Amino acid sequence: MHRVIISGIGVEIPEPSITNEELVASFNAWVDMENARRQGTDEPPLQKSDSDFIVHASGVRTRHVIEREGILDPTRMTPRIPARPDDALSLEAEFGIASARKALDHAGLQPSDIDLIICSASHHQRPYPAIAIEMQEALGTKGAGFDMGLGCSSAAAALHMAVNLVRSGAHKRILVTTPEIITGHLNFRDRQTHFIFGDASVSMVVEGLALGERRPGRFEVLDTRIWTQMSNNIRTNLGYYTRTAQDDPYMINLEGNLIKQVGNKVFKEVTVAGHKFIVEFLAEHGLTPQAVRRFWLHQANARMNAMILKLSFGHEVDHDRAPMVLEKLGNTAGAGAIVALSQNHADMKPGDHGLICAFGAGYSIGGALLRML
């Protein structure tokens with residue numbers, strides 16, 4: 001059984017951004033138009049949004065997106081992403097490659113050193129050919145590639161797969177990439193979810209550590225774990241069979257099929273599950289939360305993370321122990337915890353422990369216990 005390290009981390013954040021104020025102005029303009037249409041009907045009027053509500057509910061103040069003008073157009077309210085021909089690089093592959101190249105550079109490797117790509121994200125652009133295979137060809141990596149997903153736990157779940165494949169000797173070096181273009185699947189007309197998400201792409205290089213090899217500044221992966229439990233409280237129904245339920249199968253009705261969640265239930269149930277997962281996972285290694293230098297949690301909700309950590313530690317935990325990137329980036333699904341890791345690890349000392357822990361739809365939780373070399 002091989003020792004395994006994360007030898008490279010790469011992050012790509014789109015340049016365009018949207019503030020709460022801009023998003024609210026667009027949403028409220030649409031609400032005015034929709035409420036005017038509903039006058040004289042049995043449909044109840046819609047409630048407007050506001051920035052204070054968004055900050056209180058989530059902690060998000062701004063988010064970066066692949067394309068902003070289509071989102072902010074109240075007559076459209078979805079990004080405007082032109083279709084590409086089949087022989088052109090897809091947007092998701094392009095986004096994944098942007099962070100992948102940074103991860104390879106960080107690891108000091110060439111694409112030809114990689115023998116497997118796992119593209120794991122909460123939302124994929126298409127079912128096949130796999131985005132990972134497209135990335136394989138464009139980058140020039142060896143071996144194979146496949147796609148997978150586990151909601152907002154996608155990067156952590158892929159890391160679990162990659163670590164164990166390398167540890168077993170099945171692969172030598174694996175590129176894990178999580179290109180999250182969530183805004184393409186978000187219902188910007190839903191007051192409960194329109195403000196939550198942003199786009200980001202992250203990648204990690206996972207490889208074995210040779211006997212006697214020293215890699216200062218890199219993380220050894222001591223163990224990984226995933227946990228799932230069925231819940232409909234975070235759900236999307238958009239899929240292969242969506243059109244088969246329509247009277248006209250060639251006119252897709254997206255209403256009710258995009259992302260939806262029961263926020264209060266998610267908060268309560270994931271908080272309890274996340275706390276239990278962290279404490280029990282660390283206990284298996286003889287550790288308590290107090291023994292872990294840094295926690296890189298899923299960047300979904302500031303209050304949820306604070307409560308999980310308070311339950312785990314018995315007191316409130318500050319940004320140094322559990323850094324947040326949510327305020328500026330929004331919830332970037334599977335990418336969030338890895339963005340937090342990338343931006344908040346340079347001050348750690350050899351021997352320091354860190355914990356990646358992501359949680360989301362499923363319910364699902366993925367964790368990785370790391371130690372700085």
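This is a predicted model: local features need pLDDT of at least 70, side-chain atom pairs count only at pLDDT 80 or more; totals for chains, interfaces and linings use all residues.
The structure contains 23 salt bridges. One of them joins the side chains of Lys48 and Asp32, with 3.0 Å from N to O. This pair links distant parts of the chain: Asp32 belongs to helix α1, Lys48 to the loop between α1 (20-38) and α2 (51-58), and the two are 16 residues apart. Both partners are partly exposed, Lys48 with a relative accessible area of 39% and Asp32 with a relative accessibility of 42%.

A salt bridge of another kind is found within a single helix. The side chains of Lys276 and Glu280 meet at 3.0 Å, again from N to O. Lys276 and Glu280 are four residues apart in helix α7 (residues 263-283), so about one helical turn separates them. Lys276 is partly exposed at 46% relative accessible area, and Glu280 likewise counts as partly exposed at 43%. A further salt bridge connects the side chains of Arg68 and Glu69, with an N to O distance of 3.1 Å. Salt bridges also join into a network, whose members are Glu34, Arg37, Arg38 and Glu43.

The charged end of Arg191 sits over the ring of Phe53, at 4.1 Å from the ring centre. In a second case, the charged end of Arg243 is placed over the ring of Tyr250, 5.7 Å from its centre.

The structure holds five aromatic pairs. Among them is the pair of Phe219 and Trp296, which is edge-to-face, with 5.5 Å from centre to centre and 70° between the planes. Phe219 lies in strand β8 (residues 219-228) and Trp296 in strand β11 (residues 294-297), so that the pair links distant parts of the chain, 77 residues apart. Phe219 counts as buried at 2% relative accessibility, and Trp296 is buried with a relative accessible area of 0%. Another edge-to-face pair is formed by Phe295 and Phe313, whose centres are 5.4 Å apart and whose planes stand at 70°. Because Phe295 lies in strand β11 and Phe313 in helix α8 (residues 302-313), this pair ties together parts that are 18 residues apart in sequence. Phe295 is buried, with 0% relative accessibility, and Phe313 also counts as buried, at 8%.

Gln136 lies in helix α5 (residues 131-139). With a relative accessibility of 14%, Gln136 counts as buried, because the limit for that class is 20%. Leaving aside the neighbours within four places in sequence, Gln136 is in contact with Ile117, Thr141, Lys142, Gly143, Ala144 and Gly145.

The backbone itself also deserves attention. The peptide bond from Tyr128 to Pro129 is cis, with omega near -5°. Pro129 lies in the loop between β4 (116-120) and α5. A cis peptide bond also joins Gly362 and Tyr363, where omega is about -5°. Tyr363 is placed in the loop between β12 (353-360) and β13 (364-372).

Two further backbone positions concern the angle phi. Met77 is not a glycine, yet its phi is positive, at about 60°. Met77 lies in the loop between α3 (69-72) and α4 (91-107) and counts as buried, with 5% relative accessibility. Ala333, also a residue other than glycine, has a positive phi near 55°. The place of Ala333 is in the loop between α9 (326-329) and α10 (336-343), and its relative accessible area of 1% makes Ala333 buried.

How values were computed. Residues are numbered from 1 along each chain as its sequence is written. Side-chain values use heavy atoms; hydrogens and water are left out. A salt bridge is a side-chain nitrogen of Lys or Arg within 4 Å of a carboxyl oxygen of Asp or Glu. Buried means under 20% relative accessible area, exposed over 50%, partly exposed in between (1.4 Å probe, protein chains only). Rings of Phe, Tyr and Trp (its six-membered ring) pair if their centres lie within 6.5 Å; planes under 30 degrees apart count as stacked, over 60 as edge-to-face and the rest as tilted. A charge sits over a ring if NZ of Lys or CZ of Arg is within 6 Å of the ring centre and within 35 degrees of the ring normal. Contact means heavy atoms within 4.5 Å.
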